[in-house]
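Trainee: Let us go through this model together, with questions from me and answers from you. Please begin with a term we will need.

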Amino acid sequence: MALNAASHNVAGEKTGPTTVAPPAVSDESKKELLEAANADSTGQSAPGRENEKGVEKKEKTAKELEKERKKAEKDAKFKAKKAAQAGPAATKEGGSKKEKKKAKEEEQLPEYKEETPKGEKKRLRSLDDPHTKAYVPKVVESAWYDWWEKEGFFKPELQADGTVKSAGNFVIPIPPPNVTGKLHCGHALATSLQDVLIRWHRMRGFTTLYLPGCDHAGIATQSVVEKMLWRREKKTRYDLGRQKFLERTHEWKEEYHQHLTHTLKRMGGSFDWTREAFTMDNNLSAAVTDSFVKMHEDGLIYRSNRLVNWCTQLNTALSALEVDNKDLTGRTVLTVPGYERKVEFGVLTHFKYQIEGSDQTIEVATTRVETMLGDSGIAVHPKDERYKHLVGKKAKHPFIDRLLPIVADEYVDPEFGTGAVKLTPAHDPNDFNLGKKHNLEFINILNDNGTLNKNAGKFEGQKRFDARYTVVTALEEAGLFVKKVDNPMKVPICSRSGDVIEPIMKPQWWMKMDEMAKPAIEAVRNGDIKIRPASSEKTYMHWMNNIQDWCLSRQLWWGHQIPAYYVNIEGGEGDRTDNELWVTGRTEEEANKKAAEKFQGKKFTLERDEDVLDTWYSSGLWPFSTLGWPNEDSVDLKNLFPTSVLETGWDILFFWVARMIMLSLRLTGKVPFKEVYCHSLIRDSEGRKMSKSLGNVIDPIDIMDGITLEKLHQQLTMGNLDPKELKTAEKYQKTSFPQGIPECGADALRMALVGYTTGGGDISFDVSVIHGYRRFCNKIYQATKYVLGRLGDFQPRAQIEKGGNESLPERWILHKLTTSAKKINAHLEAREFSLATQVAYRYFYEFLCDTYIENSKAIFDDGSEAEKESAKQTLYTAIEGGLTMIHPFMPFLTEELWQRLPRRQGDKTPSITVASFPQYNESFNDESAEAEYELLVDVSRALRSLTAEYGFKDNGKTYIQPLDDITHKSLQATTSLPSIRSLAGKTVSEITILTPSDPLPTGCAVYTVGSSATAFLDVKGHIEVDKEITKAQDRLKKANETIEKQKKIMDDDWEEKVSDVVKEQEKEKLRAAEIEGKNWQASIEQFEKLKLSE
């Protein structure tokens, strides 16, 4: 279709592969999209294949990246020079100049100012307005959201009696983002997927609710606020006091909450903001308190002194989620906060203990030699002949007056280290269990700040990693040091502070998980909850069957203070680790009453626990606390719970999802949701994890609105990166975005992210692919403009139905509309998001724009009035169906265009957000029309491919030979040749339809049209025969290599392992290669004959 190209910013050079290309449509359409994505590129990459079987991902060297950077800079200067030269008098000498001119025109447009008052329906400008001639995201996407929100389109619509609609309800509670700063592309992915499902269900008549909110993110938020407080005022939280610090944190939360809300609205998320929740709202806090008290009363929550992950920088226990394990292959020195020199890790230090009362020694080995100051025993394997004689004896500690019992335990691996294991029960999880089993002493040697306490003897006061060196020196002086050897290991790092985690014993609140896990396992096993993809269900089951008790306490101020009180009995020597000396209460009055009943006749005072609950605890209540629980009379709880889908990343499946399931079953007796969909994690275009220190964390706002390289750099300087990290991040940005990030808009970002979601591996995210979807947005925009221009003063039929006199192309596009509707509904039902985008993309791009609209031009130019009217009705139905079909993916663009269309008789639908989603219409199904017309489409595509391959600009003399009588009859129809001419384009001047029995034309290039026909292009006098034979042989060889490779990839294991999306893509590659091979073989035979005739 001859449409205006999108005016656009430059997208940039390639940086690396992406996991998934845009929708796997026809080769030609795919090529057009990808060429659009990479046209004039100076920074981003085209889709790659690093996740395909048998395809190796190549990491670019620093030299290659630097070369690309220089090339990009040179290219940018050249383009800037050319743009400056292109004035109003620029001629129409080709698409490239036209596109540059349009880009320049957009740049010269005055700043767009929305004239619509906030909350009112958008005042649409004429399509002749400079701002609306071409697709500009900020113009199209303005004003609509405020109107949607004001009109209440996003509120759950109930029936007159207050119950949900007959179709049922569909509810998604947002996985609450942390109120710690800006959202990233992972949030954008989640919002896109969730909103697609919500909008799709709303358009199908469901009572829908997309519930917004955010999480207080205890440790993350407190850490950021404390850093800010010190940076701005040189104060600590203790200088302010608890109450003042909490007030300051609330102020900070309000500031950043506005940015979160703005981003979610900018993304088009159809949230009901009247129900927005925050985990520290009064009603949600009441739910936290109520649930804690209930479960403590039931004996599920208890107090115990056990090992926790301790961060000495933040002075709090951490959940496993907040700990990153750094893999080391051997000796490595790492930077640790609070130390001037780097600290040694990845070594096994061997030393000896002397056996009490003898000259014998026993050699042990450890990766944390400083912990030997807390050793209280040594373990050996009971069958290890080397140490059998020492079992039951004691070793003497060289620095502290302490004897270490030598015990036998089958846990010990006799092959590791020396086969003798030093035991530090108070500072190692494995030693903790052995210490309990053998009744060893638990000796804590660390203060909360990471310095050694009095139990460390002469080393008291030293920092833990300074002691790592001084202990070795003391061992050497005592003649007990043996050696150091490299040792692969994992070092636990605090994800917030970068500190090395220490296992420390702390009295904390814990939740018993065995009893909680059983019904949660059964709920998934019996299908009450469906977890997708299947691999995530296996992960869930593995974790739930190996679950451990949950540490609930955090030594913070920001969060839900634990509603537990220590009963300080007058005259008693209470143990704060004793669960029996604690009571819980929803209020202090309730706690006091419980204590009085429990300790009758005794005087006591109550002290509330200063700790707060793990953030995941309040998040675990999210699906039902946000709907009114524990108020059983809540209308929302009755109508909208259980929720429908929980869409989230697989990485928090057990930290959050499993806990929601367990807590909901325990507290409400119901599952919290019926389905869990785990999306992939986003990586950068080079396959690396998103990290602020790498500079590859991208704000979705910057993709939607566009941003210069200079401003990207400025954002880095506003963070907390050290100078080295800042340099690395800036280098990445310069290489990946030499001209910044072009304005892509929310619709293109959403469509790309949903298209990436195959249900497979991680996503290698690339901005250039999103920019390619911006071009697709322009295709939709220009197609709708064309339709509006052709319709004129037009009244569509009241119903979506045929008129009875439709031509073959009309029957074909209506067939494609109904079959596409059937497919897209099925794909969304199965959560096959990528396949759903491919259907929508292919319908609009290939079927509607490139085929039917092109064909309709001839009817509008030369047809009768009756033919024109029929074509208008069909064109309206096709564009209306296309816009509503693509609305869940691209809400702003579709609303903008849908509002410009005339309404059907009696249709009072105010917005496309509440319009009906296309459904399968049996009366539109027409397989015979599909077969007949697609023959014409395929033939015309073959002719275009041939003229393009051999450089014909015009005067292409072509032949079409049907291979059977049925095909011949179709090609002989009166409408066939005009359709082929229309679709083949101006490069073809002559088309001859042969019979199946006619001799083959000579001197022609060949293109096979499936098994039904062959297309020929007369190339006599247009080519150098020898050169073309060589080229064709080379192409044939490559095609055969591709065929062989694809067959090798697609083995039996492949069928079972890969997703349906990948299967279809790989099979299409094989089919394309096989056809290409046949074409080149046939062309070679033709060229050989041509050569002989010369």
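Mentor: A charge sits over a ring if NZ of Lys or CZ of Arg is within 6 Å of the ring centre and within 35 degrees of the ring normal. The model is predicted, so local features need pLDDT of at least 70 and side-chain atom pairs count only at pLDDT 80 or more, while totals for chains, interfaces and linings use all residues. Residues are numbered from 1 along each chain as its sequence is written, and side-chain values use heavy atoms, with hydrogens and water left out.

Trainee: Which residue lies over the face of Phe278?

Mentor: The distance from the ring centre of Phe278 is 4.2 Å. The residue lying over that face is Lys253.

Trainee: At what distance from the ring centre does Lys463 lie over the face of Tyr339?

Mentor: Lys463 is placed over the face of the Tyr339 ring. Its distance from the ring centre is 4.5 Å.

Trainee: Why is the pair of Tyr677 and Phe833 called edge-to-face?

Mentor: Rings of Phe, Tyr and Trp (its six-membered ring) pair if their centres lie within 6.5 Å; planes under 30 degrees apart count as stacked, over 60 as edge-to-face and the rest as tilted. A search of the whole structure finds 37 aromatic pairs. For Tyr677 and Phe833 the centres are 5.1 Å apart, and the pair is edge-to-face because the planes are at 75°.

Trainee: How many residues apart in sequence are the parts that this pair of Tyr677 and Phe833 ties together?

Mentor: Helices (H or I, at least four residues) and strands (E, at least two) are DSSP runs, numbered from the N terminus. Tyr677 lies in strand β27 (residues 673-679) and Phe833 in helix α26 (residues 833-862), so the parts tied together are apart in sequence by 156 residues.

Trainee: Is Phe833 buried or exposed, and with what relative accessible area?

Mentor: Buried means under 20% relative accessible area, exposed over 50%, and partly exposed in between (1.4 Å probe, protein chains only). Tyr677 is buried at 4%. Phe833 is buried, with a relative accessible area of 0%.

Trainee: Which residue of the turn between β32 and β33 has a positive phi?

Mentor: Six bridges join β32 to β33 (residues 1013-1018), and the two run antiparallel. Tyr1007 stands opposite Ala1015, and Val1009 stands opposite Ala1013. The two strands form a hairpin with three residues between them, and the residue with a positive phi, of about 55°, is Gly1010.

Trainee: Which residue stands opposite Tyr210 of β2?

Mentor: Five bridges join strand β1 (residues 169-173) to β2, and these strands run parallel. Strand β2 (residues 207-211) is mostly covered, with five of its five residues buried. Opposite Tyr210 stands Ile172.

Notes:
Pairing = 2+ DSSP bridges.
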